[in-house]
Amino acid sequence: MTLTINAALYIALGLYAGGTLLALLSLWSRERRLQTGGLWLMIAGFVSHTIWIGSVCVRTGHPPITNLPEASSFVAWTVFAVEIGLFIRYRVHAASFFVYPLVLLLLTITALVHEPFTKMDPQLRSRVFIGHLLFSTLGVAALMIGIAFTVLAYLQDRALKEKRPGRMWEWIPSLDICKRVSYRALAIGFPIYTIGLIAGVLWSYRTTAGLMDLRVKSIGAVVAWVLFAILLQSYIAGSFRGRRTLLVSAGAFVAALVAMLGISHV
Amino acid sequence: MSLLLVGVNHRTAPVEVRERLSVLESQLADITKSLHAQPGVDGASVVSTCNRVEAIVSASTEDVIRLLVEWLADRGGTSADDLEKHVYILRHGDVVKHLFRVASGLDSMIVGEPQIHGQVRAAFAASQELGTLDPLLQQLFEQTMRVAKRVRTDTGIGEHAVSVPYAAVELAKKIFGNLRGLTVLLLGAGEMAELTAEHLSSHDVKHVFVANRSHERAVELAGRFRGEAIHFAAAESHLATCDIVVASTAAPHHVITAEHVDRAFDLRKNRNLFLIDLSVPRNIDPAVARIEGAYLYNVDDLQHVVDANRGQRQQRADAAEDLVLREVDAFRKRLVAQDAVPTILELQQRLEAIRSAELEACLRKLGPITTEQRAAIEMLSTRMINKILHYPILQLKEAADEPQERESLRRTIRKIFGLR
């Protein structure tokens, strides 16, 4: 990867870093202007990020989700796009304390893992494979949003129960909004992720005659799916407030990250 | 042109004086017109709230101040001498600062209260409709609205509830977001509970049930909130359908127990329940707080929220004061610069005329020269004029706030440069 090709990526990374820093500083200073400044930097980073993703698409001729850096970047892009949508709808400031660092972390993985742009093996080009990549990535993005809002719902619930508003108090939206967004992200994301996994199994069967192997990424993906299901179930059953949900969320996050780190399809 | 303000507020006048001067919404137009009709007044507006009455005018001289005090005294049916000890008189930049602070809620009895912004806006709209604003007051009010909005959004000064009923509403919003469509159960008819219910119902809650030992009182209260009176014994059955419960009965025991809430939660499909216990002794069993999805706040809890919020609001107020000062300075500079524009234009035209005439005379004496030489001479003369004008223009733009001082400077510059 040359610097010229990746200029947009590094610009996006710098802007995301600046935006995240301002958002985190606003947590201490409680200055609204810092939050707003952080948001604008993140939006500028998002524009640059979009340009980079577009350039990768043009260069390789396929969606930018075929290796770790591309998938990591695409998840970051999707998560931020959803976050912006949620911000416009609900004015959720607090999500920035989780989403911005997550987006920064994912794009840092992209920038640090130097993998060359490679055109996909023509043998791999199939609707099932593209479907697997796209649905899995979108499913992971929805899971990340669901987890972020689960954490917010937990913090809000504790603050209200213990009557001790912490630093995040004024940035966190109402408990109902946290719960609604989290539930919707999980309810929409789970079937998408399931379709992605089924498509992956089908594709694996087609290419290797085996349903799936026992590589870390496959195990990670299945564990993430199971935890995803448990998390969704806890919302349906109304038991999402407990510490257990928080632990399941953390597990699902790690499993999804592990599954993503193992991506290599080129 | 002078900006002047004469007024009374909760710090300078007792309520007996303020009530005599207060202006009803229906009277605002007539009173603004009457102020505008005073001799020497070019632009006028009246800001009236329960805590203040202020006459804001622009006038060519400050002589109208006495007239304004008399006008105000006349309205209150008192003498100017009697009223004088209660009024404050502000001039020029102080008017700007005062109006910015008032509209931002910094001069209110409860710092940061949100109603004042709407009241100043109403005064602005009324004066605008009546045509009593001259360009100076128009600019002042437009900027006041902008500053007040900025103070609210940048500092978040009005975000923290500083009364118990308002704190209860804020907490309800933290749980449910929008209160529209929620159902409230009012148990008992204590004063604080009534106030809290009033705040809640002003947020478009769907239904208010009122239960009281005296059913007549429940019917009376329900009528006020367009709600429904229910028998006290039936209150428990409503726990399953209500979202917010406000308890304030004189009962010396727990009216709502953990078992009641537990049973209600079996039917609530995990919807949250906010319980506000404003009674002493407490009417809601503290064990209710341990039930998932039930949020119980008693009067002390709410008072703690209020106390913490007061501290935060004061911090925001300090930041807001800084912002207002910066805005006052910017507005003052803009006004002064605008005021100086005609003189600056005349000055530039005068010196340009001299430059052109002298240049032509010089070129005639020189005889034939190249285009480059002509351009060089022109550039030299233009630069000289610009350098000469630089400091006078700067002085005019940065002149003092006082109109008299500005006028004196303008006259001196006009005299020196021979402007008419």
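In this predicted model, helices α5(A) and α8(A) are roughly antiparallel to each other, because their axes cross at roughly 155° and angles over 145 degrees count as roughly antiparallel. Helix α8(A) covers residues 243-261. The two axes come within 10 Å. The crossing of α5(A) past α8(A) is left-handed. From α5(A), the contact draws on A:Val140, A:Leu143, A:Ile147, A:Thr150, A:Val151 and A:Tyr154. From α8(A), it draws on A:Thr245, A:Leu246, A:Ser249, A:Ala252, A:Phe253, A:Ala256 and A:Met260. By class, the residues of this contact are ten nonpolar and three polar, with no charged residue.

Chain A as a whole contains eight helices and zero strands. Its pattern along the sequence is α-α-α-α-α-α-α-α. Of the 266 residues in chain A, 46% are buried. Contacts in chain A between residues at least 6 apart in sequence were also sorted by separation: 79% of them join residues at least 24 apart.

Chain A also meets chain B. Here 13 residues of chain A are in contact with 13 residues of chain B. On the chain A side, the elements that give two or more residues are α2 (32-60), α5 (127-162) and α6 (175-208). Helix α6(A) gives the most, with three residues. This side of chain A holds four nonpolar, two polar and seven charged residues.

Chain B has 14 helices and ten strands. Buried residues account for 40% of its 420 residues. Among its contacts between residues at least 6 apart in sequence, 69% join residues at least 24 apart.

Six strands of chain B form an open sheet. Their order is β7-β6-β5-β8-β9-β10, and the pairing is parallel. Strands β7 (228-231) and β10 (294-298) stand at the edges. Each edge strand has a single partner, so one side of each is left without a neighbour in the sheet. From one strand to the next, the twist averages 20°. Strand β6(B), residues 207-212, pairs with β7(B) in the parallel sense over four bridges. Opposite B:Phe209 stands B:Glu228 in β7(B). Helix α10(B), residues 215-224, lies across β5 (183-187), β6 and β7 of chain B. This helix runs at about 160° to β6(B).

Helix α12(B), residues 299-366, packs against two other helices described here. With helix α7(B), residues 135-155, the axes come within 10 Å and cross at roughly 150°. The two helices are therefore roughly antiparallel to each other. Their crossing is right-handed. On α7(B), the contact is made by B:Gln143, B:Val147, B:Arg150, B:Val151, B:Asp154 and B:Thr155. On α12(B), the residues are B:Arg316, B:Ala319, B:Ala320, B:Leu323, B:Val324, B:Glu327 and B:Phe331. Seven residues of this contact are nonpolar, two are polar and four are charged.

Helix α8(B) contributes B:Val164, B:Ala167 and B:Ala168. Helix α12(B) contributes B:Val299, B:Leu302, B:Gln303, B:Val305 and B:Val306. The residues of this contact divide into seven nonpolar and one polar, and no charged residue takes part.

Helix α5(B), residues 93-103, is largely enclosed by the rest of the structure, because nine of its eleven residues are buried. The buried residues are B:Val95, B:Val96, B:Lys97, B:His98, B:Leu99, B:Phe100, B:Arg101, B:Val102 and B:Ala103. Just after this helix, B:Gly105 takes a positive phi of about 85°.

Key. Residues are numbered from 1 along each chain as its sequence is written. Chains are lettered from A and ligands numbered from 1 in the order in which they are written. This is a predicted model: local features need pLDDT of at least 70, side-chain atom pairs count only at pLDDT 80 or more; totals for chains, interfaces and linings use all residues. Axes are lines fitted to C-alpha atoms, for helices over the stretch in contact, and angles run from 0 to 180 degrees between N-to-C directions. Angles under 35 degrees count as roughly parallel, over 145 as roughly antiparallel, 65 to 115 as roughly perpendicular and the rest as oblique. A crossing is left-handed if the near helix is turned anticlockwise from the far one by less than a right angle, and right-handed if clockwise. Two residues are in contact if their C-beta atoms, placed from the backbone, lie within 7 Å. Ala, Val, Leu, Ile, Met, Phe, Trp, Tyr, Cys and Pro count as nonpolar, Asp, Glu, Lys and Arg as charged, and the others, Gly among them, as polar. A residue is buried if 20 or more other C-beta atoms lie within 10 Å of its own, exposed if 12 or fewer, and partly exposed in between; C-beta atoms are placed from the backbone. Two strands pair if DSSP finds at least two bridges between them.
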